[in-house]
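Subject: Model handover and findings

Hello,

Here is the structure I promised you. Please open it first, then read the notes below.

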Amino acid sequence: VEYKNITEFILLGLFNNEYAKATCSVIFSLCYLAILSGNLAVLLTIRGSHLGEQPMYFFLSYLSFMDVCFTSTVAPKLIIDLLVQWKTISFSGCMSQMFYAHFFGATEIFILVAMAYDRYVAICRPLHYMVIMSRRVCSILVMASVIGAFAHSLIQVLIIIQLPFCGPNQIDHYFCDVFPLLKLACMDTRLLKIIIVTTTGVLSILTFVALVISYIIILCTLRTRSSEGRRKALSTCGSHITVVFMFFLPLIFTYVPMADSVSDDKVFALFYTMIAPLFNPLIYTLRNTDMKNAMRKLWGPKKSFKKN
């Protein structure tokens with residue numbers, strides 16, 4: 001029998017210190033603005049220049065878009081909740097926040113996999129690169145990422161929506177996620193925790209291992225290249241590897257243990273919801289001459305009125 005006495009939840013947020021809350025709301029607001037401006041700058045630069053024709057940048061533009069969407073599901077509520085006393089979220093609001101956070105996050109993971117595949121083909125099979133990574137293939141990979149992420153998110157919501165919540169209704173987190181909600185259910189959720197750990201956790205680990213192996217193969221292949229070609233490829237792969245580590249390690253720490261350490265989970269979640277999206281544009285642009293040149297052309301003072 002489905003019984004829900006709870007129509008809303010209270011998000012306990014990151015911490016209870018009042019002084020820290022005011023300071024953090026300012027810091028997170030600035031971070032959120034930086035995430036929006038940085039990722040949108042990358043997105044618009046790629047779309048407004050010839051870079052969008054290259055598969056790597058085609059994927060990067062979608063990654064930046066996902067960063068903006070992913071952070072926007074969590075950051076505005078986090079910032080507002082740090083300033084107000086009563087941090088409620090409706091049951092449907094909580095479900096939709098969880099769905100979108102998982103949807104944009106999972107899409108980002110699949111796009112990172114597509115980017116690793118793109119680098120593998122570019123470096124290990126350069127003669128077939130334009131045939132293998134055609135625009136049609138790139139579009140299919142993005143669509144597959146979206147469909148895969150949608151299925152993953154739907155499963156998470158379907159698991160939670162069927163649970164009975166009869167109180168308490170305080171979520172020990174700053175956004176609605178699966179494990180904090182499982183703790184509030186009025187039933188034994190140990191089996192569900194195991195199911196989620198084996199699906200999300202194992203999927204995260206396998207994806208991470210596959211990405212690391214693909215980059216090791218790429219780096220081994222690079223040893224045979226000329227120093228100029230090697231330097232450029234190393235710079236690109238270095239950026240990708242940094243992003244993969246920043247995104248995946250906190251994710252694995254969140255979903256692989258049995259989620260009893262929620263305070264640690266909140267810190268880890270900050271990494272993939274705020275810190276990784278903040279650094280992604282910097283990592284991809286500062287070490288990338290093509291991006292820097294495209295930005296100068298597009299945003300430079302002389303050509304600011306040039307039509308794209």
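Accessible areas here come from the Shrake-Rupley method with a 1.4 Å probe, and for residues only the protein chains shown count as cover. On that basis the protein chain has an accessible surface of about 15,200 Å². Carbon and sulfur atoms hold 69% of that surface.

Two notes on provenance. This is a predicted model, in which local features need pLDDT of at least 70 and side-chain atom pairs count only at pLDDT 80 or more, while totals for chains, interfaces and linings use all residues. Residues are numbered from 1 along each chain as its sequence is written, and side-chain values use heavy atoms, with hydrogens and water left out.

Overall build

The protein chain has ten helices and three strands. Both are DSSP runs numbered from the N terminus: helices are H or I with at least four residues, strands are E with at least two. Read from the N terminus, the order is β-α-α-β-α-α-α-β-α-α-α-α-α.

The C-alpha trace spans about 65 × 45 × 30 Å along its principal axes.

Of the 308 residues, 49% are buried. Buried means under 20% relative accessible area, exposed means over 50%, and partly exposed lies in between (1.4 Å probe, protein chains only).

Contact means heavy atoms within 4.5 Å. Among contacts between residues at least 6 apart in sequence, 79% join residues at least 24 apart.

On charge, the protein chain carries 26 positive and 16 negative side chains. The centres of the two sets lie 15 Å apart. Lys and Arg count as positive, Asp and Glu as negative; His and the chain ends are not counted. Each charge is placed at NZ of Lys, CZ of Arg, CG of Asp or CD of Glu.

Annotated segments

The unreviewed UniProt entry places "transmembrane region" at residues 20–44, 56–79, 99–117, 137–161, 194–222, 234–255 and 267–286. UniProt positions follow the numbering used here, feature names are shortened, and annotations may be inferred rather than shown by experiment. I looked at two of these segments. Residues 56–79 are 100% helix and 0% strand, with end C-alpha atoms 33 Å apart. Residues 267–286 are also 100% helix and 0% strand, and their end C-alpha atoms are 27 Å apart.

Individual residues

Thr 45 is in helix H1 (residues 18–48). With 0% relative accessibility, Thr 45 counts as buried. Leaving out residues up to four places away in sequence, Thr 45 touches Met 291, Ala 294, Met 295, Leu 298 and Trp 299.

Helix H10 covers residues 289–299 and includes Asn 293. Asn 293 is partly exposed, at 37% relative accessibility. Its C-alpha lies 41 Å from that of Leu 83, a residue 210 places away in sequence.

Arg 119 belongs to helix H3 (residues 91–124). Is Arg 119 buried or exposed? Its relative accessibility is 12%, so Arg 119 counts as buried. Beyond its neighbours within four places in sequence, Arg 119 is in contact with Met 56, Tyr 129, Tyr 215, Ile 218, Thr 236 and His 240.

Thr 221 is in helix H7 (residues 190–222). At 22% relative accessibility, Thr 221 is partly exposed. Thr 221 touches Ile 123 and Cys 124, with residues up to four places away in sequence not counted. The C-alpha atoms of Thr 221 and Asp 172 are 47 Å apart.

Best regards
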